[in-house]
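Here are my notes on the model, point by point. Please read them with the structure open.

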Amino acid sequence: MSEPREPRAPQGQAGAPQGRPDEKAALRLGTRRSKLAMAQSGLVAQAVSQVTGRPVELVEITTYGDTSREHLAQIGGTGVFVTALREALLLGEIDFAVHSLKDLPTGQPDELALAAVPLREDPRDVLVARDGLRFEELPDGARVGTGSPRRMAQLNAYARNHGMTIETVPIRGNVDTRIGYVRSGELDAVVLAAAGLGRLGRTEDVTDFLSVDTVLPAPGQGALAIECAADNADLVAALGELDDPFTRAAVTAERSLLAALEAGCSAPVGALADLPQALDFARAGGTPMADGQIVKEMRLRGVVGTTDGTTLVQLSTTGPVPETHDQAMALGRELAAEMLAKGAAGLMGERAH
């Protein structure tokens with residue numbers, strides 16, 4: 001991945017459009033109330049303040065996904081964490097919003113701009129297990145908690161293929177709640193996103209980082225989305241300073257695959273776009289993208305499976321690193337078409353409409 005760009009110093013305000021709010025007034029950042037959402041929004045707030053020279057205040061907003069106790073697959077998954085934030089944007093109650101990108105529906109409203117996708121954090125899933133156990137060390141019959149059909153499908157498939165017996169248990173709740181199931185002995189392990197634990201400063205709880213060869217993450221996992229009104233050109237441009245082009249290309253390809261499968265974010269679909277040349281270079285001890293290293297190819301992997309793990313469709317494709325939005329979209333659609341031809345459509349419980 002490319003190195004994060006240093007934000008430019010705030011530009012002078014001469015010639016700014018009339019009728020705008022006080023240009024030194026605080027910008028209002030809409031965020032969910034969870035500890036994780038507040039942590040990642042706080043990081044974005046600092047970066048936006050540095051770029052704009054304006055203070056940023058957090059506006060806490062409760063979403064339907066936060067208040068419902070049903071499992072995400074039952075309430076639809078798609079958009080349950082973002083609708084209230086988007087409504088606040090459209091009503092002018094906030095200036096911009098921060099989302100976990102994996103929660104965003106694949107359709108982008110015309111009135112809203114996805115102004116920035118900052119440099120992605122670790123996209124992997126992790127295990128938090130009792131007694132410091134790694135996944136392969138879990139005892140037969142181990143109870144593994146996750147609210148994700150995607151994780152269930154791949155964990156069960158891996159266990160079956162390696163002679164393990166596990167029981168995946170659907171759970172909900174924040175990070176503390178989920179880890180609490182392990183601490184209390186109710187579950188042997190839970191699976192969470194590495195990026196979330198990292199942003200909370202909780203990586204010491206991780207007992208195993210799950211290879212993407214074992215569990216492909218959700219499309220967009222580890223990335224954040226910064227959204228604002230599309231007609232606020234000044235703010236779109238300022239937030240755009242935080243955009244990482246390779247992260248945006250990767251998540252665009254992943255979300256294009258998800259959309260082409262007509263699947264929502266709670267469907268058992270995993271996807272990851274990465275730069276294999278950069279990864280190989282890093283493993284050899286180099287710094288990706290440094291010293292003139294040119295990365296020419298992007299690899300996109302996708303998986304769809306039944307939650308019991310008995311059937312998986314898992315494919316990959318490699319193409320030139322997308323230079324435009326349309327090229328990234330095409331990479332995702334190409335792989336989705338191959339997966340559908342292999343029977344992926346029949347493996348998804350939820351279909352987006």
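1. A polar contact is a pair of N or O atoms within 3.5 Å; within protein, one must be able to donate a hydrogen and the other to accept it, and residues adjacent in sequence count only if both atoms are side-chain atoms. By that rule, the side chains of D205 and R202 are joined by a polar contact of 2.6 Å.

2. On provenance: this is a predicted model, where local features need pLDDT of at least 70, side-chain atom pairs count only at pLDDT 80 or more, and totals for chains, interfaces and linings use all residues. Residues are numbered from 1 along each chain as its sequence is written, and side-chain values use heavy atoms, with hydrogens and water left out.

3. Where does D205 sit? Its place is the loop between α7 and β9 (208-209). Helices (H or I, at least four residues) and strands (E, at least two) are DSSP runs, numbered from the N terminus. D205 is buried, at 12% relative accessible area. Buried means under 20%, exposed over 50%, and partly exposed in between (1.4 Å probe, protein chains only). Leaving out residues up to four places away in sequence, D205 touches V128, I179 and R183. Contact here means heavy atoms within 4.5 Å.

4. Now the ends of α6. N174 caps the N-terminal end, with a side-chain oxygen 3.2 Å from the backbone nitrogen of D176. G185 follows α6 and has a positive phi, near 90°.

5. Helix α9 (residues 245-260) packs on helix α11 (residues 325-341) at an angle of about 40°, with the axes 7 Å apart. Axes are lines fitted to C-alpha atoms, for helices over the stretch in contact, and angles run from 0 to 180 degrees between N-to-C directions. The pair α9 and α11 is therefore oblique. Among the residues in this contact are A249, T252 and A253 in α9, and H325, A328 and M329 in α11.

6. R32 lies in the loop between β1 (27-31) and α1 (35-52). Its relative accessibility is 16%, so R32 counts as buried. The C-alpha atoms of R32 and T62 are 5.8 Å apart, although 30 residues separate them along the chain.

Methods
Angles under 35 degrees count as roughly parallel, over 145 as roughly antiparallel, 65 to 115 as roughly perpendicular and the rest as oblique.
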